[in-house]
Structure formats: structure tokens, C-alpha cells
Amino acid sequence: MNADDTGKQIAYLAAALKAPRIRETAARLADQARDAGWTYEDYLAAVLDREVAARNASGAELRIRAAGFPARKTFEEFVFDHQPGIRRDQIVPLASGNYLAEARNIVLLGPPGTGKTHLATALGIAACHAGHRVLFATATDWVARLQDAHRHDRLRTELARLRRYGLIIIDEVGYLPFEQDAANLFFQLVSSRHEHASLILTSNLPFARWGDVFGDQTVAAAMIDRIVHHADVHTLKGASYRLKHLAENALPSVRVEQAD
Ligand code: ADP
Ligand code: MG
């Protein structure tokens, strides 16, 4: 078979495998293989490796888009020197997603603007890259979602569906206090994931104040108990990163508008 025919056959076979990219990588890597004297096995491995990498990347991108992150944030953008509450080596290794296999939780506490949402998002994006399905929403949004399911008599189905997500991020626990039924739904969400799948929670309030959020010390204590049973808890510190930044960089004539 001449080279043209082989090329056509590769294109046909790649399409049949639903891997049309192989057509282009096979041709490109064949030139490289001839120049560098690769073995047949080296060449096959290189072609397959490119395909797998491309598939993983597009899978990660789909998972990131489906997760509902408020913005894209990375660990690289996070200035750990500005955040005395957490060290890089406590958080960056979590990017591998090992804690997800163990259904461990991560709790990020601290005042507004200290980077809780940033780190929760970066962890979520890393989990998407590690092959996990992720959903991000605020505590208020989670409760609204569960209330809707409850109204339509499909709370159990919804909780079971959510357990298929390796990671659920609950941002801003404590910004708004919950009514009793909301607190109860939130408790069910936490319980349904306990020892099955991971949660990342962020809150501006220390655990001692969660009783006020859930309107009941006992419910709050039971919930905290389940959350921290297998969890890393980090307390971020200091003033809002953005405000500090503005203050340091502001020219005298700059007017600071209310952010967010
Ligand atoms: P929180 O959720 O704790 O209120 P955010 O994560 O929303 O705070 O942070 C507010 C803004 O400041 C975001 O744009 C975030 O990216 C940025 N930020 C906060 N801390 C840092 C940091 N240490 N390094 C870089 N950016 C930061
Ligand atoms: Mg936040």
C-alpha cells in the first residue's frame, strides 16, 4: 500500500474509533519517529498518549464548565505570602484529589476577602482535572435546590444523584441564617455525603457561631461533627486581600468603590 492509501486508511480507522485527532498526530509523529529512530512501540505509545491527553483535557474542560464555578482561579495566582493562615504545602498537594477517594472534607474558615472562595475554586478545578465531577454553589443556592427537590417529592433522588459527584463545594455558609426547614435540608445534604463523597465548605464564621446560622445548637453540633469527622480545617486570617492591595497601591486621587 502506498503512503497515500495508508494515510486514508488511518483517517478512516481513526474516525471509526471516534478519535479523529489520531489522523493528524499519527502523521506528525511519524515524521518525528523516522527522524529520531523510534521503535514501532515508541511510536504507537506516543500516538496513544497524545490522544489520551487530549481526551482528558477536553473531559476536564467539560467538567469545569458544568461545575458552575463563579470564576476560574488557580493556586498559581494565590499569593501564599499574603495569607498567614495556610501554607502552600498544606493545600497544593490536595490538587491530586487523593482526599476525594477517601471522601475527606475540606473546610476553609476566615473573614471575608481572605481567599476562601479562591482556594475552594482552585481545588474544584484541580478535581475536575483529576477526573472528578464537581458542583459549586453557595449554601443559599444549595438549600434552594434542595427545597425545590423536596417540593417535587424527589429529595432522596436528588441526594442520591448528588452523591455521584465526587466533590460538592458549599460556599459562604453563614452569610445568611437558615430557617428551620432549610437547616434541616442542609443537614441532610451533609449527612448524605458523610463517608461517601467529599465536601468543601467555606464560612466567614467559626464553628462556635454555626448555631446562630442553623438556629439550633444541637443541629449545628451534629452537622459539624459529621463534617469534621474526616476533614482538613484551615482558618484563613487577616484583612481582605483586595482591600489591602488597593490600600497599598492606591494613588491619593483613586476613589474606592464598594466592591462586590
Ligand atoms: P473570600 O471567599 O474569603 O471572601 P475570595 O476568595 O473571594 O475571598 O477573595 C477575594 C478576592 O481576592 C478574589 O478575587 C481572590 O482571587 C483574591 N484573593 C484573596 N486572597 C488572595 C491571595 N492570597 N492571593 C491572591 N489573590 C487573593
Ligand atoms: Mg467567598
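Predicted model: local features only at pLDDT ≥ 70, side-chain atom pairs only at ≥ 80, totals over all residues.

Q: How many residues does H2 have, and how far does H2 reach from its first C-alpha to its last?

A: Helix H2, which runs over residues 21-36, has 16 residues, and its reach of 22 Å from the first C-alpha to the last is close to the 22 Å expected at 1.5 Å a residue.

Q: Which residues of H2 are buried, and what covers them?

A: An α-helix has 3.6 residues a turn, so residues three or four places apart point the same way. In H2, the buried residues are Ile22, Ala26 and Leu29, and what covers the buried residues of this helix includes helix H1 (3-16) and helix H3 (40-67).

Q: How should I read the sheet, and what is the order of its strands?

A: This is an open sheet of five strands, with parallel pairing, and its order is E2-E3-E4-E1-E5. Strand E2 (134-138) and strand E5 (231-235) are the edge strands, each of which pairs on one side only. On average, neighbouring strands of this sheet are turned by 10° against each other, direction ignored.

Q: Which helices pack on the sheet?

A: Among them is helix H6 (residues 116-129), which touches strand E1 (105-109), E2, E3 and E4, and whose direction makes about 170° with that of E3. Helix H11 (residues 217-229) also packs on the sheet, where it touches E1, E4 and E5, and its direction makes about 105° with that of E5.

Note on methods
Residues numbered from 1 in each chain as written. Chains lettered and ligands numbered in written order. Helix = DSSP H or I, 4+ residues; strand = E, 2+ residues; numbered from the N terminus. Expected span 1.5 Å × (residues − 1). Buried ≥ 20, exposed ≤ 12 C-beta atoms within 10 Å, placed from the backbone. Contact = placed C-beta atoms within 7 Å. Pairing = 2+ DSSP bridges. Axes fitted to C-alpha atoms, helices over the stretch in contact; angles between N-to-C directions.
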